[in-house]
Amino acid sequence: MSQASDTIVIGKIGAPYGVKGWVKITTYTDEIEGVFSYSPWLLGDGDKQVTIDSWRTHNKGVVAKIIGVETRDDAESIKNLDISIKAEQLPQLTDDEYYWRDLVGMQVITESGYNLGTVKELFETGSNDVMLIRANPNDAFGQKERMVPFLHDQVIKQVDMQARTIKVDWDPGF
């Protein structure tokens, strides 16, 4: 596996906070405090491993003190670095659960057997999650990409991790 697939970006180091090495943290976890459930963090390209000394909420965000980051200049030197963790640090899932990253690259097939293409990415919207599907080059409907809502039982009928397919109830013309 490549380093990129072995690690997951869960946040980003922000601006220094104060003069004692504290930094603002932008989190990509569902709850902003969730980023602190993982330790150690890998910064940047994953070549620097760090541990959190302490953290607290601040306004609508969080700030953290990283061990070894003692001054504002130290904090400035790590500003804008991605915060990653190793994939094995993620919680184990049950058989009917999966991470979005595991769905990327899967084939999306309609219930009638039409191959819509492969999952390019998933993202959240205000109302539901959405799969962005890269259509096959010879798509009969001339589609290059499709956005399909990720709604279990309504649109998503089956996710087969072994076969790497997602069965959907979706009109290929959309």
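**Reading the sheet and the cores**

Me: Leu42 stands opposite Gln49 in β4. In which sense do strand β3 and β4 pair, and over how many bridges?

Reply: In general, strands of a sheet pair through backbone hydrogen bonds, either parallel or antiparallel. Here β3 (residues 41-43) and β4 are antiparallel, with three bridges. Strands are DSSP runs of E, at least two residues, and helices runs of H or I, at least four, numbered from the N terminus; pairing requires at least two DSSP bridges. The model is predicted, with local features needing pLDDT of at least 70 and side-chain atom pairs 80 or more, while totals for chains, interfaces and linings use all residues. Numbering starts from 1 along each chain as its sequence is written, and side-chain values use heavy atoms, without hydrogens or water.

Me: What is the strand order of the open sheet, and which strands stand at the edges?

Reply: Its seven strands run β4-β3-β7-β1-β2-β6-β5, with antiparallel pairing. β4 (48-50) and β5 (52-58) each have a single partner strand, so one side of each lacks a neighbour in the sheet.

Me: Which residues touch the most other members of the largest nonpolar core?

Reply: In soluble globular proteins, nonpolar side chains tend to be buried together. Among the 22 residues of this core, they are Ile10, Ile13, Ile25, Phe36, Trp41 and Ile66. (A core joins buried Ala, Val, Leu, Ile, Met, Phe, Trp, Tyr and Cys through side-chain atoms within 4.5 Å; buried means under 20% relative accessible area, with a 1.4 Å probe and protein chains only.) Two or more residues each come from β1 (7-17), β2 (22-27), β3, β6 (61-66) and β7 (82-86). Apart from this core lies another, of 16 residues, including Leu103 and Val148.

How values were computed
Buried < 20%, exposed > 50% of the residue type's maximum accessible area, 1.4 Å probe, protein only.
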